Amino acid sequence: MKPMPLNQAFTLIEPGPVVLVTTNDGQRDNIMTLSWTMVMDFTPRFAITTGPWNHSYQALCEFNECVIAIPALDLIDQTVGIGTCSGAVTDKFAKFGLTAIRGKQVAAPLIRECLANIECRVVDIVEQHNIVVLQGLAAYLDDEREERRTLHAIGDGTFVADGVKLDRRQMMESKLPDGV
């Protein structure tokens, strides 16, 4: 093995998948792209990393809700594009041809074109680390969608798509919660 720059070490363990997070500020819907997400345990609790540099952060703090929308590989260009412009000056739903669908639990919209959507409530903001902890309220999956591969950011402008699913459920049965 050879040494690599420490400031690039995050590219070795970048989490996934890349998600689109929608918010509503009381007047407008917005979308931001995030690659730093985390499942916190077997409950529907998640964490995202964002902060005041993102236009959506104010709506997260003020209204305490959002939707995590999970795009598939066929939405890579829209997903990257959303992350490279600001919702302060851009209607991202219109610009990227996405359809906002009203959810049942929060004012932030689901994205029809995404593989899945999770309506969430903000339960904690760890400002020191720019971590927003979310409680899932409702989840939706488009099981008729042909493209199901999700995107994973490497952190250097490149992406990897999920591929083959390997089943080890029987081996892990004792560790899996009921119903999964």
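Is Asp29 buried or exposed? Asp29 is buried, because its relative accessible area is 16%, under the 20% limit for that class. The model behind this value is a predicted one.

**Around Asp29**

Asp29 sits in strand β2. Its side chain makes a polar contact with the side chain of Asn24. Another polar contact joins the side chains of Asp29 and Arg102. The distances are listed here.

| Side-chain pair | Polar contact |
|---|---|
| Asp29 and Asn24 | 2.7 Å |
| Asp29 and Arg102 | 2.6 Å |

Leaving out residues up to four places away in sequence, Asp29 touches Thr23, Asn24, Phe93, Ala100, Arg102, Ala107 and Pro109.

**The sheet**

Strand β2 belongs to an open sheet of 7 strands. The order is β2-β1-β5-β8-β9-β4-β3, and the pairing is antiparallel. Strands β2 and β3 (37-39) form the edges, each pairing on one side only. From one strand to the next, the twist averages 30 degrees.

Helix α2 (residues 76-83) lies across β1 and β2. It runs at about 105 degrees to β2.

**Strand β1**

How many of the residues of β1 are buried? The count is 6 of the 6, so β1 is largely enclosed by the rest of the structure. In a regular strand, side chains alternate between the two faces of the sheet. Both faces of β1 are covered. Val19, Val21 and Thr23 are buried on one side, and Leu20, Thr22 and Asn24 are buried on the other. Asn24 is also the residue whose side chain has a polar contact with that of Asp29.

Strand β1 has β2 and β5 beside it in the sheet order. Thr23 stands opposite Asn30 of β2. The two strands form a hairpin with 4 residues between them. In that turn, Gly26 has a positive phi of about 95 degrees. Strands β1 and β5 also pair in the antiparallel sense, over 3 bridges. There the bridge partner of Thr22 is Val67 in β5.

**The nonpolar cores**

Which residues touch the most other members of the largest nonpolar core? They are Val21, Ile48, Ile68, Cys120 and Leu134, out of 17 residues in this core. At least two residues of the core come from each of β1 (19-24), β2 (29-34), β4 (45-49), α1 (56-63), β5 (65-70), β8 (116-126) and β9 (131-141). The largest share, 4 residues, comes from β8.

Leu134 shows how the parts meet. Setting aside its neighbours within four places in sequence, Leu134 is in contact with Pro44, Arg45, Phe46, Ile48, Cys66, Ile68, Cys120, Arg121, Val122 and Val123.

A second core is separate and has 11 residues, including Ala69, Ile82, Ile111 and Cys114.

How values were computed
Residues numbered from 1 in each chain as written. Predicted model: local features only at pLDDT ≥ 70, side-chain atom pairs only at ≥ 80, totals over all residues. Heavy atoms only, no water. Core = buried A, V, L, I, M, F, W, Y, C linked by side-chain atoms within 4.5 Å. Buried < 20%, exposed > 50% of the residue type's maximum accessible area, 1.4 Å probe, protein only. Contact = heavy atoms within 4.5 Å. Polar contact = N/O pair within 3.5 Å; in protein donor to acceptor, adjacent residues only side chain to side chain. Pairing = 2+ DSSP bridges. Axes fitted to C-alpha atoms, helices over the stretch in contact; angles between N-to-C directions.
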